[in-house]
Amino acid sequence: MRKFWYDRLGRLAISQNAQQLTQGNVYSYTLYDSLGRITQVGQLTGGSVMTDPTAKSTTSLQNWLNAAANSRNQITQTVYDQAYPAITDSLNQSNLRNRVSYTQVINQALDTYPATATYYSYDVQGNVDWKFHGS
C-alpha cells in the first residue's frame, strides 16, 4: 500500500510505501525550488502523522518538514544555476543558467560531506562540456 500527499500546487510532496508504514512515521519527501524544479528527495521520520491539510498548507508543510530535518536520510540534492563553490578555482563550470550544475547524494542530514557528487559544465549550445563524478 502506498500513500501520497500533494502540496497546494498539486505536486507530490510526501509519500509513504508499505515498508515505511510498518516503521511508523517514516516518509519519502520531495522539495522544489521557486520554478517548480525538484531540488531534493529523500526519506525522513516525521514527528507526527502526515495529513492532507498539513500537506496542502505551505506553512504547515514547511513546519512539518523542518521538525524532521535532522532525521533526513538517503538524500539526493540537485542544484541548478550556480557553480559548486569548492571547485570553482580548479574547474570552471560554465553556462549553468537553467541547468543542473551539480547533484549530491548524502547519506544522513548531519553528514559533513556528500557520499558522492556529480558536477556539470555546459557549452554555449547547452551540451555537457564536461562532467566530474566523485565519491
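Modeller: Let's start with a term: two strands pair if DSSP finds at least two bridges between them. Keep in mind that this model is predicted.

Biologist: Happy to. How many bridges join strand β2 and strand β3, and in which sense do they pair?

Modeller: In general, strands of a sheet pair through backbone hydrogen bonds, either parallel or antiparallel. Here β2 (residues 12–16) and β3 (residues 26–32) pair in the antiparallel sense, over 2 bridges. You can find I14 opposite Y29 in β3.

Biologist: And what about β2 and β1?

Modeller: β1 and β2 are also antiparallel, with 4 bridges between them. One place to look is K3, whose bridge partner in β2 is Q16.

Biologist: Now let's zoom out. In what order do the strands of the sheet run?

Modeller: The sheet is open and has 8 strands, in the order β1-β2-β3-β4-β5-β6-β7-β8, with antiparallel pairing. β1 (3–6) and β8 (128–134) stand at the edges with a single partner strand each, so one side of each has no neighbour in the sheet. From one strand to the next, the twist averages 15°.

Biologist: Back to β2, then. Which helix lies across it?

Modeller: That is helix α3 (residues 58–67), which lies across β2, β3 and β4 (38–45) and runs at about 50° to β2.

Biologist: How many residues of β2 are buried?

Modeller: Counting a residue as buried when its relative accessible area is under 20%, 4 of the 5 residues in β2 are buried, leaving the strand mostly covered.

Definitions and conventions. Residues are numbered from 1 along each chain as its sequence is written. This is a predicted model: local features need pLDDT of at least 70, side-chain atom pairs count only at pLDDT 80 or more; totals for chains, interfaces and linings use all residues. Side-chain values use heavy atoms; hydrogens and water are left out. Axes are lines fitted to C-alpha atoms, for helices over the stretch in contact, and angles run from 0 to 180 degrees between N-to-C directions. Contact means heavy atoms within 4.5 Å. Buried means under 20% relative accessible area, exposed over 50%, partly exposed in between (1.4 Å probe, protein chains only).
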